[in-house]
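These are my notes from going through one model, entry by entry. I kept each entry to what I looked up.

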Amino acid sequence: MLIKESDFVLLKKDENMKVVQFVSHKSVNMCKMKLILNGISGHHYGSSFRLQNGQLEKIDFKEFLLESDDKDENAESSEAKDNRSLVDKRENQKLSRDEINSLRKQGVTGEAIIEQLVENSSTFEKKTDFSQKKYIQKKKKKHIPVFTVLRPSTRTLVEMYYRRGPTKICNLRMDSLAQILTQANVRSSAKLLVVESCSGLVIGSVLERLAGDGAVIHLYTGSAPTRPALDEGYNFSQEFLQCLHSFPLDQVSSLMRSSKAEESSSNAKRLAEPNIQCSLDNSSDKVSDVIIPGEYRNNSESETTKLETFKAEKEEMLMDHENLLQKETSRSDEAPPKDVKGNLKRKFEDIEKREKKKQERLNQLQKTKSMIEMADLDGLIVASKFHPTPIVLSLIDFLLPSRPIVVFSPYIEPLMDCYAKLRGTGRVVMIKLTDTWFREYQVLTNRTHPTINMSGSGGYLLTAMTVTND
Amino acid sequence: MSFKGYKERIEYGDTVIVYMGFESMFPVEVESGKVHQTKYGAVKHDALVGLRFGSRVKCAKGFVHVLYPTPELWTVNLPHRTQILYATDISLITLQLELKPGSIVVESGTGSASLSHSMLRTIAPSGHLYTFDFHALRVEKATDEFQRHGLADLVTVMHRDVCKDGFGLNNTIADAVFLDLPSPWEALPFAKGVLMPGGRICSFSPCVEQVQRSCKTMADLGFTEIRTIECLLRPIDVRSMTIPMPDLGYGPGKCYVPNSSSSNQDGGLLCVKSESDISEDKPVLGYVEIESQNKDKHQGEHRKKAKLNVLDDVSKNPKIENSREVEDDNKAENIEMDDRNADSNQMNDNKIEASYVFKSGLPALRMPGHTGYLTFATLYP
């Protein structure tokens, strides 16, 4: 894949990663350096460039790094070196910081600077081969800035977010996101509900796996959904994005459920309230009683009448909505048409535009609402900063049976609560709470070991499978 | 046929997962006239047809649920022909190889097709999987399985030793290559030949020596972004735990209550004078159970269990749900409160044993320690 203008690209230097939009001649700040990106255009993603005079020039990264360690594999040094006589002091390097800086200002290449540093180091020769390599690598990182341009994808974006600002993605580590996607059986043509506070990363990763077929309904908080990962990250086409639907989380209460599930939703609402007392009364062993008290009402009604009532109610709602639209349109019709001043005319046009947009939004909202109310969704993914239990209990009604529910939290306690509540509903099986242990390895000849630092936690995952007891 | 995509109702030929509870389940291919015996009774296949996936099926001595076969469920239920990969590694592989609809994947060895089923789910409907195994019978079984599962048009199974003979694919067509071989470095040059520019590769090896050799070969062949990782799943047990409160000899009426925000009395100990201090309607955090053994000769030994409230102000504290495993919640009120009017002195005659009940998320005592190292790399032009 070739890099082209206006793509979002992921710049990587050593451990630093940043997404920027590639705009020719526009400078970009990264790692305290200013870059002009022109030099990357037309090259393949994955190419590496070194910064020379503010511009990026392509290099062959593999040759540059000299990673291959053929030499020391065969060569058995006659004198086995060790660090018994090495003392770490500033004086080991004869060049001062000022001298090095002036070399840099003079425009001396990074390689030349490193050569000088090695020459002027009193300890370099005494170091082991491995140690010398490590020293040179370190100097290269400092004096020869090399940037790699990667294609933004879930794999690269999750890495970037996790390193730069894990709190922006609820500490969702890469392997946890990987688990979410498979446990939720995300696949082409699936229709999923997603509630997330991960900068849109979870939404993006699901959209990537739907590839234009299926639906993601993003339940968002605030006045509008914010999905930075989509806006400045994934370069999704319109085909992919048409799978994305949004619905405000605070209107979940207005979602219509079939009468059978009505009780569960009203009680879910009760449970969703902060100071519930119910779980401690006599029916404490049977939390299911709390959520679905009494028997189902369907004993008296037949299936068809129930469906009819439901349909009728929906039609009513659509009628109301139509009326609302009518009112909106008529309001703008009433605006004074006959004004001579151009200003007022333009204002009128603006109002018309805004009204039109508003209608479109309302239309879209109603469409998405109906989509959810069809209650034939294939999965629920929750990875948000909010307590998951009320979210899960309220939305379980809209999933088909034998579909996964996947809840992620950086903390175990909310998931333990969700576990207990879900168990009580009797509407899911296979409830599992897990986390993953994740470790990276440095693999080099005679120097293979786990990396010195590792992640302590990637968050916890609660999974369950919906069932129906009809 | 149910593997092809989600469907609502069960038909003949579908694979369903019969779930009995507590990780006990088995796969069933729905066939007319067949019957499966379970510990709850017989499950007639014909009775399943037309039911929704996820339905509850009544049996003679109980019930089971019939579930849709996600690749994850298939993985834990499939007939093993080899050691298989489980969802944890599979998830990581799927993400790191950037699999998605339309991906072309090359895999060797096929093994028991656990990973294969998962990859097919992700790359459907427009992708393709070329999978290779040098074991003739495994090739046969896998081919048959894919056929019966309705996946045949998404996959090509080949009997081939890729380390000796390569993949036999004419062009560089693969977005991703996966190797689970004893000597993957032998197949790496062939993998390079079949990978598109920017393609991803993964090698799964249980032993670190294999990893070292693979990484070296990858680097020599020009792969970059070489990364070796390990990922293990930790199951966590959610359950109600009861641990005894220690008797430090402060006296039977006094008991430390964990999670209480006040330590205002008696140097940190909360004083319980009698069971009348217990009230059912006040919220609690963790709570303590008191068993008192009344050594009254007339009544014999009898135990009273009662819930002890955190006596200070807990209105600000969050609620936890009552553990279902604790019995006698109701009985607490029915307990003969002979001692209710007693003051501390009388309590001295009774031995008070207190225990703390709480909800715990405990990692299992043993967890999987190692499956294999996953090495990923990219082939940039």
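**Entry 1: a loop serine**

Before anything else I note that the model is predicted. I started at Ser254(A) and listed its contacts, leaving out neighbours within four places in sequence; Lys369(A) and Glu373(A) came up. I then looked up where Ser254(A) sits: in chain A, in the loop that runs between β10 (244–248) and α11 (259–272). Lys369(A) is 115 residues away from Ser254(A) along the chain, yet I get 9.2 Å between their C-alpha atoms.

**Entry 2: chain B as a whole**

I next took chain B, where I count 10 helices and 18 strands. The chain has 381 residues, and 54% of them count as buried. I also looked at its contacts with a separation of 6 or more, and 67% of these are between residues 24 or more positions apart. For the accessible surface of chain B I noted about 17,200 Å², with 51% of that belonging to carbon and sulfur atoms.

**Entry 3: cysteines**

How many disulfides does the structure hold over all chains? I found zero. I checked Cys215(B) in particular: it is in no disulfide, and the nearest cysteine sulfur, on Cys202(B), is 11 Å away. Cys215(B) has a relative accessible area of 6%, so I list it as buried.

**Entry 4: where chain B meets chain A**

I counted 75 residues of chain B in contact with 75 residues of chain A. The area buried between the two chains is about 6,600 Å², and carbon and sulfur atoms give 55% of it. For polar contacts between chain B and chain A I have 23 residue pairs, both residues being at pLDDT 80 or more. Several elements of chain B give two or more residues to the side that touches chain A, among them β6 (62–67), α3 (87–96), α8 (208–221) and β17 (351–363). Which element gives the largest share of that side? I noted β12(B), with 13 residues.

I also counted six salt bridges between chain B and chain A. One pair I looked up across the two chains is Arg155(A) with Glu98(B), whose side chains meet in a salt bridge at 2.5 Å, N to O.

**Entry 5: salt bridges in the whole structure**

My search over all chains gave 31 salt bridges. Arg163(A) and Glu15(A) form one, at 3.1 Å from N to O. Arg163(A) is in helix α6 (residues 154–164) and Glu15(A) in the loop between β1 (8–13) and β2 (16–21), so this pair ties together parts of chain A that are 148 residues apart in sequence. With a relative accessible area of 36%, Arg163(A) goes down as partly exposed.

Asp175(A) and Arg173(A) make a salt bridge at 2.6 Å, N to O. I have both as buried, Asp175(A) with a relative accessible area of 0% and Arg173(A) at 4% relative accessibility.

The last pair I opened was Lys191(A) with Asp376(A), whose closest N and O atoms are 3.1 Å apart. This pair links distant parts of chain A, 185 residues apart: strand β8 (residues 191–196) holds Lys191(A), and the loop between α14 (342–373) and β11 (379–383) holds Asp376(A). Lys191(A) is partly exposed at 26% relative accessibility, and Asp376(A) is partly exposed with a relative accessible area of 21%.

I close with a network: Glu15(A), Glu159(A), Arg163(A), Glu440(A) and Arg227(B) are joined by salt bridges that share partners.

Conventions:
Residues numbered from 1 in each chain as written. Chains lettered and ligands numbered in written order. Predicted model: local features only at pLDDT ≥ 70, side-chain atom pairs only at ≥ 80, totals over all residues. Heavy atoms only, no water. Helix = DSSP H or I, 4+ residues; strand = E, 2+ residues; numbered from the N terminus. Contact = heavy atoms within 4.5 Å. Buried < 20%, exposed > 50% of the residue type's maximum accessible area, 1.4 Å probe, protein only. Areas by Shrake-Rupley, 256 points an atom, 1.4 Å probe, with all protein chains shown as cover. Disulfide = S-S within 2.5 Å. Buried area = accessible area lost by both parts, 1.4 Å probe. Salt bridge = Lys/Arg side-chain N within 4 Å of Asp/Glu carboxyl O. Polar contact = N/O pair within 3.5 Å; in protein donor to acceptor, adjacent residues only side chain to side chain.
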